[in-house]
Amino acid sequence: MELRVLKYFLMAAREENITKAANLLHVTQPTLSRQLMQLEEELGVKLFQRSNHSIILTEDGMLLKRRAQEIVSLAEKTEREFQNRGEELAGEIAIGCGETGNMSFLSERMAEFRRKHPLVRFQIHSAGADDIKERMEKGLSDIGLLMEPVDIGRYEFIRMPGREQWGVLVREDSPLAGRTSVAPEDLLRTPLIMAKREQVQLELANWFGDVYESLEIAATYNLLLNAMNMVRHGVGAALCFRLDGDYSGLSFVPFEPRLEAGAVLAWKKAQTVSTATGEFIRFIKEYIRGISGNAG
């Protein structure tokens, strides 16, 4: 498979129309049709259901679309890493970020790093820890900001300085909104919106103890923004970290007994990273070593 043909395929899949895709690619319609048919012959599958006016991906086509997006993204990322390789540090650093207050710490360091190296740019992908690790395995992300608990046996990592506080996010008209804390028993009669990740659910199950099996789970989430939306519209109360941001109309109530979690900045062991990524990792290490020394 040629990279050029995969880009043709992705454009056709996006537009669902051969003529429109060909115009955007600046090729003729017969040329594009022939390239797509040759791709189907090469793979031995049918990628599109064709009609007079549109094309729709088959199940095999949807699988190829996911793989092609990864391949094209990785190729483009590699090209950018080799661009501007002069004396001044340049390039792109791809970071997968979970939802953590440590993102504020990381953003401050990114700003400082760019003041020193303005030709470096960052690509941020927000996702849960499992998705971030998958992107690192595929080479789509260089570094991952991961919330614990998380298995980092395959990774080098830097422990972030901040700790995250668990609690429940409720509407301001909830009976829980005015409280200074909530205990496990306080949430028994409240529909809850739970983090989707299994390791996080186990952590919460340990905190709830015997009452965990009696909880009413109304929904699960992987990114807090959507969970906040569900809370606002009455789906339930979200079990989550306290994060910086707009909590308009909502109230965060911490757990008691207190439950906290850490975060790590991780990258694959024994993997050659770009010069820009390596310099950024060293920059973060030195900064954290400095503040740890001052604290001691």
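1. A quick definition before anything else: two strands count as paired if DSSP finds at least two bridges between them. Helices (H or I, at least four residues) and strands (E, at least two) are DSSP runs, numbered from the N terminus. With that in hand, S6 and strand S13 (residues 263–268) run antiparallel and are joined by five bridges. Within that pairing, Arg 159 sits opposite Val 264 of S13.

2. On provenance: this is a predicted model, where local features need pLDDT of at least 70 and side-chain atom pairs count only at pLDDT 80 or more, while totals for chains, interfaces and linings use all residues. Numbering starts from 1 along each chain as its sequence is written, and side-chain values use heavy atoms, with hydrogens and water left out.

3. Now the sheet. Five strands make an open sheet in the order S4-S3-S5-S13-S6, with mixed pairing. S4 (119–126) and S6 (155–159) are the edge strands, each with a single partner, so one side of each has no neighbour in the sheet. Ignoring direction, neighbouring strands are turned by 25 degrees against each other on average (axes are lines fitted to C-alpha atoms, for helices over the stretch in contact; angles run from 0 to 180 degrees between N-to-C directions).

4. Two helices to look at here. Helix H5 (residues 102–116) lies across strand S3 (90–97), S4, strand S5 (143–147) and S13, at about 160 degrees to S4. Helix H6 (residues 129–138) packs on the sheet too, touching S3, S4, S5, S6 and S13, and its direction makes about 160 degrees with that of S5. Contact means heavy atoms within 4.5 Å.

5. Have a look at Arg 109, which belongs to helix H5. Its relative accessibility is 3%, so Arg 109 counts as buried (under 20% relative accessible area; exposed is over 50%, partly exposed in between, with a 1.4 Å probe and protein chains only). Leaving out residues up to four places away in sequence, Arg 109 touches Phe 280, Phe 283, Ile 284 and Tyr 287.

6. Phe 280 turns up again in the largest nonpolar core, which has 63 residues: Phe 208, Leu 239, Phe 255 and Phe 280 touch the most other members. Such a core is a set of buried Ala, Val, Leu, Ile, Met, Phe, Trp, Tyr and Cys residues joined through side-chain atoms within 4.5 Å. Helix H9 (residues 275–295) gives the most to this core, with six residues. Apart from it lies another core of 23 residues, including Leu 10 and Ile 18.

7. Overall, the chain has nine helices and 13 strands, and 46% of its 296 residues count as buried.
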